[in-house]
Every structure is written in C-alpha cells, then in structure tokens.
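This briefing is intended for a reader who wishes to relate the sequence to the computed geometry. Please consult the sequence and the coordinates shown here alongside the text.

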Amino acid sequence: MKTMLWGPLAGLGCVLLLTGCDSTPRERQEIARQEIAKLDTAARNSGRTLSRLGHQTATFDAANRARRAVPLDAKKQKIVDQQLLGSYADRIGSLTVATIAGAYGELLRATRVRQTGWEARDWDYAQDTYRRLNAQLARIRIDLPARDELRIRAWQAEFTALRAKRTAADLRTATKK
C-alpha cells in the first residue's frame, strides 16, 4: 500500500527536480498535474481494494461465527477425541502429571498427520479437544515438572501455529476472489 502511494510521490519529486532547470513554469505545472492524477488514480484503486478486502473479510468472519454458533455433535467429538488422543481420549479429565505430556504428544502427532485434510469444522472439533486438554493441564500444572511443562508449551505453540496457518490460508483464499 505504501509503495503504491509513495511511488507516484517520489516520481513527482524527481520529475519536478529534473525538469526544473530547463522547463517553464507551465510545463512544470502540467507535469505536476499529470503526476497528481496518477497519485489520485493509485489512491482510488487502493481504496477500492481495501473496500473489497474489507467486505470479503467481513463475509469470512460472518461465516466463521455462524459455523461456530452451531454446537459440536457429542458423538462426533468422541470420535475426534479418539482419533487425536488414542488411549487418552476417555480420560482427559483424569489425566495426571505422569500422563498429560503423553496426551499432548499424541494430540500433536495425530494433528500433524490429519490436519492437511481437515475442513474448518474439523478444526473446531480438534480445538475443543485441545481446549479440554488445556483445562486439565491448568488443574494439575502446579505439580508438573518444568521439563514436562516446557515440552507441553512447545506442543501448544505448534498446535496454535498449525491452526493459525489454516486460518491464514482460508482467509487468503476468501480474499483472492
């Protein structure tokens, strides 16, 4: 955006400097008018682009809000929990200091493998699994050894990064139209 606006301004300054020595005031005025017209065109085009992107982003956000407003299906959530957590799926609420790191490790391994084929709604289910795992971590964190907490924090960062990557790709797709 800055490049689009500064380019014509820089061009205007250079043209005025270069033509200042061997041109008349009328010629310089005409050159200035032409450069200002280019700047106006660039500003109008940038405004249209921003408006279009704003509308597309608002549509994208509205679709996400509508999707998230629909409650997750409990049966499907159990299936997703099983796919993402394996043997830890049925005991998220009872994970201990000794077992929670294994659950996070399993979650990330499964997410890495499956995430390329996921739709936005699949991510909603995975996010719910992740949220419940984080809630259990909050309950037992005080007793968690630092080395385990560090590994878990790294896995949390990776999960969040994978989710953000997908959101960015979806937003890029929505705003290319």
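The model is predicted: local features need pLDDT of at least 70, side-chain atom pairs count only at pLDDT 80 or more, and totals for chains, interfaces and linings use all residues. Residues are numbered from 1 along each chain as its sequence is written, and side-chain values use heavy atoms, with hydrogens and water left out. The protein has six helices and zero strands, where helices (H or I, at least four residues) and strands (E, at least two) are DSSP runs numbered from the N terminus.

**Overall make-up**

- Read along the sequence, the elements follow the pattern α-α-α-α-α-α.
- Of the 177 residues, 34% count as buried; buried means under 20% relative accessible area, exposed means over 50%, and partly exposed lies in between (1.4 Å probe, protein chains only).
- The accessible surface comes to about 11,200 Å², and carbon and sulfur atoms account for 60% of it; the areas come from the Shrake-Rupley method with a 1.4 Å probe, and for residues only the protein chains shown count as cover.
- Among contacts (heavy atoms within 4.5 Å) between residues at least 6 apart in sequence, 73% join residues at least 24 apart.

**Nonpolar core**

- A nonpolar core is a set of buried Ala, Val, Leu, Ile, Met, Phe, Trp, Tyr and Cys residues joined through side-chain atoms within 4.5 Å.
- The largest such core holds 27 residues, and the members that touch the most other members are I100, Y104, L107, L133 and I152.
- Helices α3 (74-85), α4 (100-114), α5 (120-140) and α6 (146-176) each supply at least two residues of this core.
- Beyond its neighbours within four places in sequence, L133 is in contact with L85, I92, L95, I100, A103, Y104 and L107.

- E149 lies in helix α6 and counts as buried because its relative accessibility is 19%.
- Leaving aside neighbours within four places in sequence, E149 is in contact with R141 and L144.

**Salt bridges**

- Side chains of opposite charge can pair when their charged atoms come close.
- A search of the whole structure finds 14 salt bridges, each defined as a side-chain nitrogen of Lys or Arg within 4 Å of a carboxyl oxygen of Asp or Glu.
- One of them joins the side chains of D124 and R67, at 2.6 Å from N to O.
- This pair links distant parts of the chain, since D124 is in helix α5 and R67 is in helix α2 (residues 25-69), 57 residues apart.
- D124 is buried at 10% relative accessibility, and R67 is buried at 16%.
- D128 and R132 also meet in a salt bridge, at 3.1 Å from N to O; both lie in helix α5, four residues apart, about one turn of the helix.
- D128 counts as buried at 16% relative accessibility, whereas R132 is partly exposed at 21%.
- R166 forms a salt bridge with D170, with the closest N and O atoms 2.9 Å apart.
- Because R166 and D170 are four residues apart in helix α6, about one helical turn separates them.
- R166 is buried at 18% relative accessibility, while D170 is partly exposed at 22%.
- Salt bridges that share partners join D81, D128, R131 and R132 into one network.

**Aromatic pairs**

- Rings of Phe, Tyr and Trp (its six-membered ring) pair if their centres lie within 6.5 Å; planes under 30 degrees apart count as stacked, over 60 as edge-to-face and the rest as tilted.
- By this rule the count comes to three aromatic pairs.
- W118 and W123 form an edge-to-face pair, at 4.8 Å centre to centre and with 90° between the planes.
- W118 is buried at a relative accessible area of 11%, and W123 is buried at 0% relative accessibility.
- The rings of Y130 and F159 have centres 4.2 Å apart and planes at 15°, so this pair is stacked.
- Y130 lies in helix α5 and F159 in helix α6, so the pair ties together parts that are 29 residues apart in sequence.
- Y130 and F159 are both buried.
- Ring pairs link W118, W123, Y130 and F159 into a cluster.
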